[in-house]
Amino acid sequence: MEYQFTNDKPIYLQLMDVFKTAIVSGELQTGTRLDSVRDLALDAKVNPNTMQKALSELERLGLVRTERTSGRFITDDVEVIEALKKDLVEAEISAFLLKMKSLGMEKQSVIEIMKNNIFGTDMGGE
């Protein structure tokens, strides 16, 4: 996983975002055992307490589970992952549409541009 932190929100939230993206993209597959908090923190170059907070929040959201003697694992619950994917996609689309609105674009114009430019590319167009 690649970590690039900014100053606009707490590091633990940014860590959560990295994990969420890795989970929905399949980089971290269901049932995958995670490295120790210390190893993950070293890899991300963050304090172990910060990594622990991020992982605890991911566990609270049902994306990570802890097995007492075996460590932490990515959830096997595909429905939870699909719901997360839907939420992330909707958030990205909303942010994009807000940006387009700030540029003076009407919704229908954006849709037409997308039809003409995106759906003819590798993103799934015919």
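## Helix packing, one valine and an aromatic pair

Helix α1 (residues 11–25) packs against helix α3 (residues 48–60) at an angle of about 55°, and their axes lie 8 Å apart. That angle makes α1 oblique to α3. The crossing of α1 past α3 is right-handed. The model is predicted.

From α1, the contact is made by Ile-11, Tyr-12, Leu-15, Met-16, Phe-19 and Lys-20. From α3 come Thr-50, Met-51, Lys-53, Ala-54, Leu-55, Glu-57 and Leu-58. By type, the residues of this contact divide into nine nonpolar, one polar and three charged.

Next, a valine in another helix. Val-80 lies in helix α4 (residues 78–102). Leaving aside residues up to four places away in sequence, Val-80 touches Leu-61, Gly-62 and Leu-63. Thr-66 is 14 residues from Val-80 along the chain, and their C-alpha atoms are separated by 16 Å.

Then the aromatic rings. A search of the whole structure finds one aromatic pair. The rings of Tyr-3 and Phe-5 have centres 6.1 Å apart and planes at 25°, so the pair is stacked. Stacking requires planes under 30 degrees apart.

How accessible are Tyr-3, Phe-5 and Val-80? The table gives the values.

| Residue | Relative accessibility | Class |
|---|---|---|
| Tyr-3 | 15% | buried |
| Val-80 | 24% | partly exposed |
| Phe-5 | 30% | partly exposed |

Buried means under 20% relative accessible area, so Tyr-3 at 15% is buried. Val-80 at 24% counts as partly exposed, and Phe-5 at 30% does too.

Methods
Residues numbered from 1 in each chain as written. Predicted model: local features only at pLDDT ≥ 70, side-chain atom pairs only at ≥ 80, totals over all residues. Heavy atoms only, no water. Axes fitted to C-alpha atoms, helices over the stretch in contact; angles between N-to-C directions. Helix = DSSP H or I, 4+ residues; strand = E, 2+ residues; numbered from the N terminus. Parallel < 35°, antiparallel > 145°, perpendicular 65-115°, else oblique. Left-handed = near helix turned anticlockwise from the far one by under 90°. Contact = heavy atoms within 4.5 Å. Nonpolar A, V, L, I, M, F, W, Y, C, P; charged D, E, K, R; others polar. Buried < 20%, exposed > 50% of the residue type's maximum accessible area, 1.4 Å probe, protein only. Phe/Tyr/Trp six-rings, centres within 6.5 Å; stacked < 30°, edge-to-face > 60°.
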